[in-house]
Amino acid sequence: MSTERETIGVIGVGWVGLVTAACFAELGHRVIARDIVPEKVEALSRGETMIHEPGLDELLRKNADRLTFTTEMGEVLDAASLLFVCVDTPPTHSGDDDLSRVRTVVDELDADGDHVLVMKSTVPAGTGNAIRRDLPNLAYVSCPEFLKEGSAVADFLHPDRVVIGADPGDEAAGAMVADLYEPLGGELVQTDVTSAEMIKLASNAFLATKISFINEIANVCEEVGADVGEVSRGMGLDERIGPRFLSAGIGWGGSCFGKDTIALKKLAGNSGYHFQLLSAVIEVNELQKRRVIGKLKKHLGSLAGRRIALLGLAFKPETDDMRDASSLVLAGRLEGEGAEPVAYDPIAAGRARQLLPTVELAPSALDALDGAEAAVLVTEWPEFAEIDWREAAGRMARPLLVDGRNFLDADELRAAGFEYEGIGRAVSAAAAPSRAD
Ligand SMILES: NC(=O)c1ccc[n+]([C@@H]2O[C@H](COP(=O)([O-])OP(=O)(O)OC[C@H]3O[C@@H](n4cnc5c(N)ncnc54)[C@H](O)[C@@H]3O)[C@@H](O)[C@H]2O)c1
């Protein structure tokens, strides 16, 4: 590896920015990363991270001498010519992406400087062109990020593909960014800026569509007595379909799918096109989270006054991110029904205290299950597979479990005395109580 490396500027050190900074440092570059939250910058400068992401702490520690964190944009502009913008683009009330943070960054740039702005934040198609019109001397490259929380470091270091959008005049800047990613070996997609922006939005919308599709299939499986696990397996072996993102459950969450699908739908609408398919994809996801309430009521009748345990709060395992998590909808619906939710998550409790202030948080899964009249598995944390379900059944007021991720062994649960409900999971002959008895 060459010792002569580019100094890279990273603007915004949340999930994407911090992983980007740590991984470029791992590749041998000096990185200067800026955030506007002083406490975050101070903590990172002390070597403390505020997000849970496998392998990230280790990379930050190992490459500490190549990483600088600052609140000052001027320091970044002085030290680096390549500026990776990783600020958040949350939804506005209209559902369009809120680009105010991106705009703040652009406004701080020197219009006559020789910086390359590399947009990693997810932005609506057309954003790059608009920025370029405002700052004609700036080189602009779209380099959307595809990492998944929970495996963000590995995804960054081993990308399926690297998308680089650069318009005529910015080819050299695009080539500089391509060089940075070259050691990682992903397939390079070099295209124009607007197409690069669309690749990101279309990819997330497609994955969301795949999940909503299999969730609807699961709901039909429940009606006709088929098992969605078998259906997914049979479908996924077709290489045109593939097995991934074909697991039925209680809907997607996280910071990206919801926001990006709505933003794409709005983007289409703003341009005069009604994206019908995405409307359905979004609605199916909303309804899927709520179907759990119906499953609980089928067994319990009214939920008023009932203690219901939620196992897992993060939107998926290996992260403490609760943005748009299914747990938030479930907890809200349970409280709306008059139930008393009690929740446990191995690492998201800190965030849950702020987001779900009225929900009791238990120190362990068994504590959450203690005295509960039902449990819902919300996040497929590996430790839930290790629970002593016989002991859990003894501790619960009623051993009823809705497995929102089809994660547990239904036969084992039933043998332990549980009433078990999955999502689109048929009661197999071997598992049916009549046979087991
Ligand atoms: N989280 C993901 O899994 C993921 C994956 C791919 C793409 N993205 C996209 O990447 C972008 C960032 O997402 P995230 O999850 O890292 O967001 P985040 O909210 O975790 O982090 C954004 C950071 O930017 C900082 N910030 C805001 N304005 C700033 C400014 N003017 N200067 C410097 N810092 C500023 C915030 O303080 C925050 O620390 C979004 O557009 C998102 O859609 C996210």
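## A charged residue to start with

Is Asp321 buried or exposed? Asp321 is buried, because its relative accessible area is 2%, and the cut-off for buried is under 20%. Keep in mind that this is a predicted model.

So where does Asp321 sit? You'll find Asp321 in the loop that links E9 and H13. If you skip the neighbours within four places in sequence, Asp321 is in contact with Trp15, Glu149, Ser255, Ala314, Phe315 and Arg351. Ile51 is another residue to look for: 270 residues separate Asp321 and Ile51 along the chain, yet their C-alpha atoms are 7.9 Å apart.

## The six-stranded sheet

Next, the sheet. Six strands make up an open sheet with parallel pairing, and going across the sheet you meet them in the order E11-E10-E9-E12-E13-E14. At the edges are E11 (360–361) and E14 (419–421), each of which pairs on one side only. As background, strands of a sheet pair through backbone hydrogen bonds, either parallel or antiparallel.

Take E12 and look at what flanks it. E9 and E12 run parallel and are joined by four bridges, with Leu310 standing opposite Val376 in E12. E12 also pairs with E13, in the parallel sense, over three bridges; here Leu377 has Asp403 of E13 as its bridge partner. Moving on from E13 (residues 400–403), three bridges link that strand to E14, again in the parallel sense, and Val402 has Glu421 of E14 as its bridge partner.

## What covers the sheet

Which residues of E12 are buried on its two faces? Ala374 and Val376 are buried on one side, and Ala375 and Leu377 are buried on the other, so both faces of E12 are covered.

Helix H13 (residues 326–336) lies across E9, E10 (340–344) and E12, at about 180° to E9.

H12 also carries Lys289. Lys289 is buried, because its relative accessible area is 2%. Which residues does Lys289 touch? Not counting residues up to four places away in sequence, they are Ile250, Trp252, Asp324, Ser326, Val329 and Leu330.

## Two residues with positive phi

Back in the loop between E9 and H13, have a look at Glu318. Glu318 is not a glycine, but it has a positive phi of about 70°. At 32% relative accessibility, Glu318 counts as partly exposed.

Asn406 has a positive phi too, of about 50°, and is not a glycine either. Its place is in the loop between E13 and helix H17 (410–415). Is Asn406 buried or exposed? With a relative accessible area of 18%, Asn406 is buried, because the cut-off is under 20%.

## The cavity

How many cavities of 30 Å³ or more does a search of the whole structure find? The search turns up one, and the volume of the largest cavity is about 50 Å³.

If you want to find the largest cavity on screen, its lining is made up of Met119, Ser121, Thr122, Val123, Ser142, Cys143, Pro144, Glu197 and Lys200. Sorted by class, that lining comes to four nonpolar, three polar and two charged residues.

Methods:
Residues are numbered from 1 along each chain as its sequence is written. This is a predicted model: local features need pLDDT of at least 70, side-chain atom pairs count only at pLDDT 80 or more; totals for chains, interfaces and linings use all residues. Side-chain values use heavy atoms; hydrogens and water are left out. On a 1 Å grid over the protein atoms alone, a cavity is a set of points where a 1.4 Å probe fits but cannot get out, and a pocket is an open set with protein on both sides within 12 Å along at least five of seven lines; lining residues have an atom within 4 Å of a point. Grid points are joined across faces, edges and corners, and a volume is the space filled by probe spheres set on the points. Ala, Val, Leu, Ile, Met, Phe, Trp, Tyr, Cys and Pro count as nonpolar, Asp, Glu, Lys and Arg as charged, and the others, Gly among them, as polar. Two strands pair if DSSP finds at least two bridges between them. Contact means heavy atoms within 4.5 Å. Axes are lines fitted to C-alpha atoms, for helices over the stretch in contact, and angles run from 0 to 180 degrees between N-to-C directions. Buried means under 20% relative accessible area, exposed over 50%, partly exposed in between (1.4 Å probe, protein chains only).
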